[in-house]
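Here is a short report on a two-chain model. It takes the chains in turn, then their contact.

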Amino acid sequence: MYSRRPIIALALAASLAASVGQAAAQRWQVDLAGNTVGYDTAGRITSASIAPLIEWNKRTVYATLSGALAAFEASQWTSQGHGDFSLLFAPARSLRLLRTEVVGSADGSVHSSGYRTAGTRGELRLHVAGRSTGLWIGGTAATGWTSSSTGIATAVGPTAGAWGRRGAWNATAVWTPFRLEGAWYQQVEGRVATSAGPVDVMGYVGWRGAPTVSGLPNTSWGGGSVTVWFTSQAALVFGGGTYASDLVQALPKGRFLSAAIRLSRGRRTVWAGPSAGRALYARDREPADLRFRVPGVSRVDLVGDWTGWQPVPMQRAPDGRWFLQVRLAPGVHRFNIVVDGERWIVPEGVASVDDGFGGKISLLVVP
Amino acid sequence: MRGLLLAAAIGHIATASVAAQGRPTVEARLDPQTLAAVRAIIDSARRDSVPSQVLEDKALEGVAKRVPPPRIVAAVRQLSAELRDARALLRAAAPRAPLADGELVAAADARRRGVPTAEVSALRSHVPATAPLVVAFTVLGDLVQRGVRADQAREVIEQLIAAGVPAQQIADIPARMDVGLRVGAPPLDALRSALPMPLRPVKPPQPPPKPNPSRHGLP
């Protein structure tokens with residue numbers, strides 16, 4: 001879990017999280033964790049770690065910067081850093097169903113023994129995306145370096161993937177065969193995530209087939225995490241499983257168990273809709289049926305000008321959405337929803353304006 | 001199931017409770033000093049035909065959000081100024097058109113969402129005076145926030161109104177446009193594919209006016 005991240009990135013991530021904070025990053029989190037990691041070659045190691053992460057998520061740009069500093073027994077330590085960047089754009093005006101994604105990432109790690117690793121990865125994807133399913137194909141190239149190697153390892157290969165979303169469930173499958181040092185490897189990975197009340201659950205599996213000439217065995221891995229939010233900004237995270245060796249950066253396969261306290265600016269939603277919300281429009285002289293998807297919360301209240309800004313509880317529908325029927329006078333109405341009795345937010349996908357108090361307020365129009 | 005029924009019961013109780021109590025008033029929710037400041041702003045706004053209920057609602061919103069009283073007064077004053085500006089703008093654009101409170105609020109919201117003053121004014125003046133514009137102003141804000149140039153968005157809305165497209169169909173456009181945006185279509189293409197009817201091409205962008213050399217350095 002915390003296995004691929006340099007101390008510079010850790011410091012950068014921490015300082016960015018502190019100084020840039022809410023103005024620029026859409027979300028940040030810090031995990032304070034206790035971990036045990038087992039390696040076939042080095043036995044089991046216990047560590048304590050701190051792992052900050054900041055995330056920007058706009059409609060066409062997604063980026064994260066994360067780091068981890070872990071202290072082991074006998075004053076040993078390791079620091080790791082990781083950065084991701086993704087840019088989505090339409091390749092041509094005449095190809096409206098397609099979009100192109102450029103993905104880049106960089107990793108690095110430093111160990112107290114002086115051992116260092118670094119890696120980069122670039123990928124170009126061509127997506128066909130619908131509202132709840134999508135496919136992509138593309139190509140990828142990765143490089144890796146370690147302080148004990150004499151050169152840089154390079155892997156290239158095609159990639160293909162599919163994703164789907166239903167309710168609070170979100171699944172992705174990726175096929176990434178790659179050619180490394182003259183031999184082809186097959187690799188498939190899958191990931192499923194969902195939210196239910198204050199609990200987020202994520203699971204993953206993977207398999208890699210190694211060619212005979214490599215002398216390496218086929219390998220599989222799998223694991224997951226459970227995140228239990230006890231306030232809107234704090235959670236307990238339990239993780240466990242196995243992860244694959246990194247052939248490009250020469251990092252070993254491992255087994256891990258971890259328990260962490262997560263402090264976060266807001267909970268990550270399973271699905272983020274279009275970043276530009278739209279005003280809600282009720283039908284003239286008909287009750288407005290307000291339905292919002294607010295994953296992973298236990299209570300949602302509606303507050304608006306028509307309630308005199310007094311909270312009215314919304315009800316949870318069988319599909320997981322929260323709903324309330326209201327009958328309103330014609331005009332422009334303003335409202336918020338209050339999550340778990342404390343967070344005033346604009347529902348996902350709904351247009352908002354500044355409320356004049358440093359927050360946002362949603363718009364509902366009755367013609 | 002029991003949980004759902006319980007939630008439903010609680011919901012009805014809470015709704016009934018709010019309805020029974022009626023809307024709270026600023027007199028009941030604000031301390032005397034804040035009330036005096038807010039009342040003065042509201043009375044002044046009312047004299048200028050600016051809707052006062054919206055301002056009272058803003059004060060109640062501030063109380064509900066536990067905002068310090070000075071910020072409540074500042075927000076009410078700011079909203080009053082925006083509504084007053086919007087009223088002057090719409091009045092100047094169409095002096096004889098009836099001006100509903102909802103249109104005033106929608107125009108002010110459109111400005112807050114990044115629609116230039118000139119486009120709000122042009123939309124009011126280019127459509128018949130009797131055409132209600134609450135939905136039109138709000139959709140204009142939706143389109144601009146989706147990356148459509150304000151003059152192009154305004155021209156599309158004008159054409160739809162001129163063609164007699166009902167407000168409800170115009171209101172559906174931003175949601176339909178999101179389908180195109182999700183698959184990476186440029187904003188104007190996504191807008192075109194979301195329209196309920198084909199329209200004539202919107203005007204290409206106008207070059208900025210050239211400065212008149214003879215005016216340089218002259219009073």
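## Chain B overall

Chain B has 219 residues, and 39% of them count as buried. The model is predicted. Chain B holds 11 helices and 0 strands. Along the sequence its pattern reads α-α-α-α-α-α-α-α-α-α-α.

Contacts in chain B were also sorted by sequence separation. Among those between residues at least 6 apart in sequence, 65% join residues at least 24 apart.

## Helix H5 of chain B

Helix H5 of chain B covers residues 69-93. At 1.5 Å a residue, its 25 residues should span 36 Å, and the end C-alpha atoms of H5(B) are 36 Å apart, which agrees.

The buried residues of H5(B) are B:Ile72, B:Val73, B:Ala75, B:Val76, B:Leu79, B:Ser80, B:Leu83, B:Ala86, B:Arg87 and B:Leu90. Their cover includes H3, H4, helix H6 (101-112) and H7 of chain B. An α-helix has 3.6 residues a turn, so residues three or four places apart point the same way.

## H5 against H7

Two packed helices are described by the angle between their axes and the distance between the axes. H5(B) packs with helix H7 (residues 117-126) of chain B at an angle of about 45 degrees, and the axes lie 8 Å apart. H5(B) and H7(B) are therefore oblique to each other. Their crossing is right-handed.

H5(B) brings B:Leu89, B:Leu90, B:Ala92 and B:Ala93 to the contact. H7(B) brings B:Thr117, B:Val120, B:Ser121, B:Arg124 and B:Ser125. By class, the residues of this contact of H5(B) with H7(B) divide into 5 nonpolar, 3 polar and 1 charged.

## H3 against H4

Helix H3 (residues 32-47) and helix H4 (residues 52-64) of chain B pack at an angle of about 160 degrees, with axes 9 Å apart. Angles over 145 degrees count as roughly antiparallel, and H3(B) and H4(B) are therefore roughly antiparallel to each other. The crossing of H3(B) and H4(B) is right-handed.

On the H3(B) side, the contact uses B:Val38, B:Ile41, B:Ile42, B:Ala45 and B:Arg46. On the H4(B) side, it uses B:Ser52, B:Leu55, B:Glu56 and B:Ala59. The contact of H3(B) with H4(B) has 6 nonpolar, 1 polar and 2 charged residues.

## Helix H8 of chain B

Helix H8 of chain B runs over residues 134-145. At 1.5 Å a residue its 12 residues should span 16 Å, and the end C-alpha atoms of H8(B) are 17 Å apart, which agrees.

Is H8(B) enclosed or open? 12 of the 12 residues of H8(B) are buried, so H8(B) is largely enclosed by the rest of the structure. Among these buried residues are B:Phe137, B:Leu140, B:Asp142 and B:Gln145. After H8(B) comes B:Gly147, with a positive phi near 100 degrees.

Chain A has 2 helices and 25 strands. Of its 367 residues, 34% count as buried.

Notes:
Residues are numbered from 1 along each chain as its sequence is written. Chains are lettered from A and ligands numbered from 1 in the order in which they are written. This is a predicted model: local features need pLDDT of at least 70, side-chain atom pairs count only at pLDDT 80 or more; totals for chains, interfaces and linings use all residues. Helices (H or I, at least four residues) and strands (E, at least two) are DSSP runs, numbered from the N terminus. The expected span of a helix is 1.5 Å times one less than its number of residues. A residue is buried if 20 or more other C-beta atoms lie within 10 Å of its own, exposed if 12 or fewer, and partly exposed in between; C-beta atoms are placed from the backbone. Two residues are in contact if their C-beta atoms, placed from the backbone, lie within 7 Å. Axes are lines fitted to C-alpha atoms, for helices over the stretch in contact, and angles run from 0 to 180 degrees between N-to-C directions. Angles under 35 degrees count as roughly parallel, over 145 as roughly antiparallel, 65 to 115 as roughly perpendicular and the rest as oblique. A crossing is left-handed if the near helix is turned anticlockwise from the far one by less than a right angle, and right-handed if clockwise. Ala, Val, Leu, Ile, Met, Phe, Trp, Tyr, Cys and Pro count as nonpolar, Asp, Glu, Lys and Arg as charged, and the others, Gly among them, as polar.
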